[in-house]
Structure formats: C-alpha cells, structure tokens
Amino acid sequence: MESGDLSLPTSPVPGPPAAPATASCPSHAHSAALQPPFAQPTTGAPGVAAGDDPFGTRRRSRVQSLRGRIGSALAAILALFAKFFTAIKGLLLLLPKVKLLTTTGTALVSVAAYSLFFGWEFAAGFVLLLFVHEMGHVIQLRREGVPASAPMFIPGFGAVVMMKSLPDDALAEARVGLAGPLLGTLGAAVCLALAEALNSDLLRALAYVAFFLNLINLIPVTPFDGGRAMAAMAPAMWFVGLGTLLVLLLITGNFFLLIFLLLGFMDTRRRWRQRKTRSLEQAAYYRVAPRHRAYVGAVYLGLIVVLALGMDVSHILATGGHSFSSL
C-alpha cells in the first residue's frame, strides 16, 4: 500500500456499498447512473486503484511473516530450554561420579605429595589407611541419616568428611565421631598382621603411623573425633583438649597443630555459647542417658588403650631410609 491519505468519504445514509464503477470509463457511464444516491464511490482515496483493499494485502503478509518469525524464535527458545534441562538432569545423574572423582583426585594428589618425603609405596598405603578411617565416618553418617560430603584428602591434614548438619543428638554425634577411629584401628591391625606374616618393615611402619594418627584423633576437642565423643560424655572436656593441643604445639612447634588449635578454639567457643543459652533445643541435644555416657566412655578409653598397645607392638625406627623415630 502506498503512503498518503487513505480516508474514505462518509455516505449520508448507511447502506450496502454499491458495485464498483469508475467515471473515467465511458462504456460504464450508464452503470454509474443506475447507482443509488447513497452509493459510496471507490476512487475517493488518492493512489488506490479501483477494486483494491484499502487496508492492503502487503501489511497482512508482513504481519503473517512476522508471526512466523516469532513462532520460529519461540520454538528455538523452547528447544534450548529443553536441552538445558536435559543437561541439568544429566549432571544430577553424574553427581555420584563427581563425588568419586573428588575422592580419587584428592587421593592421588596426596599420594604424590607424600611420595616426595616417604616414597610412593608408603604414600599409597598411608592414603589407603586414611580412607579406611574416613569410611568409618561415612558409614555411620548414612546410618544416622545425616547428609555429608565425600571423603576429601588434604596433604598435611589427612582427610575430612564434611557433615552438612549435626546429627539428631550428642549421642549420635559421638557414634559418628568414634566410628572413624574404630574402623581405622581395625585397618591398622590388619596392616600389622600382614606385616608380621610377611615380615615387612614397610607394612609395620604403616601400621604404626595408622595407630598413631587414630590415637591423635581422640584428642577431646573438635574438629577431632574425640571432641565429638565428648559431646555425649562431658562437653567441658573440650577445654582440656584445647590445653592438650597447646602443650603439643609448644613442645613440637608444629604449624599444623596451630591450625587445629585455632579451629578447635573457634568451634568450642561457638558451641559453648550455644549451650549457655539453655534453650530447650540445646538441652534436648545434649541430654544423654547415664548408661549411654558409660557406653561412649568405655569405647573411648578402650580405643586409647588398644591404639597405644598397637603403637608399642608395631614401633619401628626406620624403614627404606625414612625415619619414624620422631613419631
């Protein structure tokens, strides 16, 4: 349609439009004379030929074309969203594999790091024994219904499993804390039995280090496993654990002990302040029956005795040119 004034003259009386006719064609003059007085001429719009739709077909075709393009764009967007949600679903299905990759990847990094100091054989065995310890926590966390991360290895710190929430009560927390040293002690004992059967100093040294690390984990302050056991037995023992770490730090000057001391101090202060509120929630969390306290205490002290005896039996000063006399 051409641009310009497209308005049509108004008929004085409403009525049906007349048949199209043009005054410019002499052969149709009589037809124009037969038109009723209210007929509406069809040539009133400049630039519009007789018989054309004043609204034009080009606009309709453009509108239809625009609608088609919009429809195609919407279809493309919907297809993109479908692919996006399919990808998200695939990632959710791969989450267990991602956790496995996290554990495996950090384990390999730890083996490489420890190999620089103790050789790859000792490093591999050491990381395996750490994994056994952490799996004790994982198994018990699943039994308690507590969501947790996969085991992750950190060179110099050992390994860690992060709880996404605390268990239901202090007794469940104690069970989770002691499950690691229990399975870790069993792993060290198996390693010692293999060492005696094969007369292997390497396995004997691995057993010794495993007994030692599981014993250290019983220091009564979080984030150590012993601190979680104390939540059910006697939370005031957390301060004893902080004092123990401070003494060990002053004797050995070990930088990692300083980090554990700071972490333990912050966590103990936070939890002690929560207990001081004397809320019903806190009271319910730390309410443990006397017989359950005795059960946790027996397991805790029994582990200390077994681990100390294990260290004494498996003690070795050196193997493969590497000294363990400082442990």
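The buried residues of helix H6 pack against helix H3 (120–144), helix H4 (170–198), helix H7 (237–252), H8 and helix H10 (290–314); here, contact means heavy atoms within 4.5 Å. The model is a predicted one, in which local features need pLDDT of at least 70 and side-chain atom pairs count only at pLDDT 80 or more, while totals for chains, interfaces and linings use all residues. Residues are numbered from 1 along each chain as its sequence is written, and side-chain values use heavy atoms, with hydrogens and water left out.

Buried means under 20% relative accessible area, exposed means over 50%, and partly exposed lies in between (1.4 Å probe, protein chains only). The buried residues of H6 are Asp225, Gly226, Gly227, Arg228, Ala229, Met230, Ala231 and Ala232. Helices (H or I, at least four residues) and strands (E, at least two) are DSSP runs, numbered from the N terminus.

Charged side chains come next. Side chains of opposite charge can pair when their charged atoms come close. The whole structure holds 6 salt bridges, each defined as a side-chain nitrogen of Lys or Arg within 4 Å of a carboxyl oxygen of Asp or Glu. In one of them, Arg228 meets Glu173 at 2.9 Å, N to O. This pair links distant parts of the chain, with Arg228 in helix H6 and Glu173 in helix H4, 55 residues apart. Both Arg228 and Glu173 are buried. Glu173 also forms a salt bridge with Arg271 (2.8 Å, N to O). Arg271 is buried, as is Glu173, and Glu173, Arg228 and Arg271 are linked in a network of salt bridges.

Another salt bridge joins Arg175 and Glu144, whose closest N and O atoms are 2.8 Å apart. Arg175 lies in helix H4 and Glu144 in helix H3, so the pair ties together parts that are 31 residues apart in sequence. Arg175 is partly exposed, at 29% relative accessible area.

Helix H8 also takes part in a surface feature. A nonpolar surface patch of about 860 Å² includes Met152, Ile154, Phe157, Phe255 and Phe265 among its residues. Its largest share, 7 residues, comes from H8. Phe265 lies in helix H8 and is partly exposed, at 44% relative accessibility. Patches are made of residues with over 30% relative accessible area and no salt bridge, like charges being joined within 9 Å and nonpolar side chains (Val, Leu, Ile, Met, Phe, Trp, Tyr) within 5 Å. Accessible areas come from the Shrake-Rupley method with a 1.4 Å probe, and for residues only the protein chains shown count as cover.
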